[in-house]
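Here is a short report for a reader new to this structure.

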Amino acid sequence: MVRLLEIFRDFKIYIRGSSNKGYYTALYEVVRREDARVVTVEDLREYIRKLQERYPDRNFMLKKVKVKGKEYYVITRKSYYIDSEGRKRIVYDRVPIYFDLENQKFYVPKSYLKIKPKLVKYIVMRVLGALGVARVKYVKLVS
């Protein structure tokens with residue numbers, strides 16, 4: 001059974017970056033925009049189309065799944081690929097993002113956040129930023 005964590009509520013996303021042309025290390029937080037767009041199925045399909053255009057070998061897809069009786073749209077990749085020698089290879093750098101379009105809430109599986117938290121945070125930042133839902137806010141300088 002998949003246990004989902006709601007983005008912005010169940011966990012916060014902090015990103016370490018640079019400030020002042022790379023001279024300082026700064027801490028940023030990914031927050032929901034006040035003027036966030038309402039994400040629709042068409043927006044998700046368009047985003048997937050752009051990903052497939054840019055990365056044709058990565059097998060991005062949009063699926064509709066049910067978790068605990070509730071329907072979600074999921075942006076994900078195939079969990080494996082066949083290499084040039086015909087062997088099945090598992091993809092370790094994929095992070096599915098679940099979209100509840102009725103309530104405009106977004107989720108990631110808890111297991112992915114435990115295993116690869118940096119990757120999950122980065123992908124969530126990029127996807128929600130591209131969809132016009134999230135933005136990066138400066139928090140403080142770190143030493």
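## The largest pocket

How much space lies in the largest pocket? About 540 Å³. Keep in mind that this is a predicted model.

The lining of the largest pocket counts 19 residues. Nearest the centre lie Tyr 47, Leu 51, Tyr 55, Phe 60 and Arg 126. Three elements, α1, β5 and α3, each give two or more residues to this lining. The most come from α3, which gives six. Sorted by class, twelve lining residues are nonpolar, six are charged and one is polar.

## The second largest pocket

The second largest pocket has a volume of about 160 Å³. Its lining includes Ile 90, Val 91, Tyr 92, Arg 94 and Val 95. Ser 111, Tyr 112, Ile 115, Lys 116 and Leu 119 also line this pocket.

Which helix supplies the largest share of that lining? Helix α2, residues 110–115, does, with three residues. By class, the second largest pocket is lined by seven nonpolar, two charged and one polar residue.

## The nonpolar cores

Now turn to the cores. The largest nonpolar core holds 31 residues. Within this core, Ile 7, Phe 99 and Leu 128 have the most contacts. At least two core residues come from each of α1 (41–54), β5 (70–77), β8 (97–100), β9 (105–109) and α3 (117–130). Of these, α3 gives the most, six residues. Another core, of six residues, lies apart from the largest one. Val 67, Tyr 72, Tyr 98 and Tyr 107 are among its members.

## A loop residue: Arg 58

Where does Arg 58 sit? Arg 58 is in the loop between α1 and β4 (60–67). Its relative accessible area is 34%. Buried would need under 20%, and exposed over 50%. Arg 58 falls in between, so this residue counts as partly exposed.

Arg 58 can also be placed relative to Met 1. The two are 57 residues apart in sequence. In space, they are 26 Å apart, C-alpha to C-alpha.

Technical notes: Residues numbered from 1 in each chain as written. Predicted model: local features only at pLDDT ≥ 70, side-chain atom pairs only at ≥ 80, totals over all residues. Heavy atoms only, no water. Core = buried A, V, L, I, M, F, W, Y, C linked by side-chain atoms within 4.5 Å. Buried < 20%, exposed > 50% of the residue type's maximum accessible area, 1.4 Å probe, protein only. Helix = DSSP H or I, 4+ residues; strand = E, 2+ residues; numbered from the N terminus. 1 Å grid on protein atoms, 1.4 Å probe; cavity = no way out; pocket = protein on both sides within 12 Å on 5 of 7 lines; lining within 4 Å. Points joined across faces, edges and corners; volume = space filled by probe spheres on them. Nonpolar A, V, L, I, M, F, W, Y, C, P; charged D, E, K, R; others polar.
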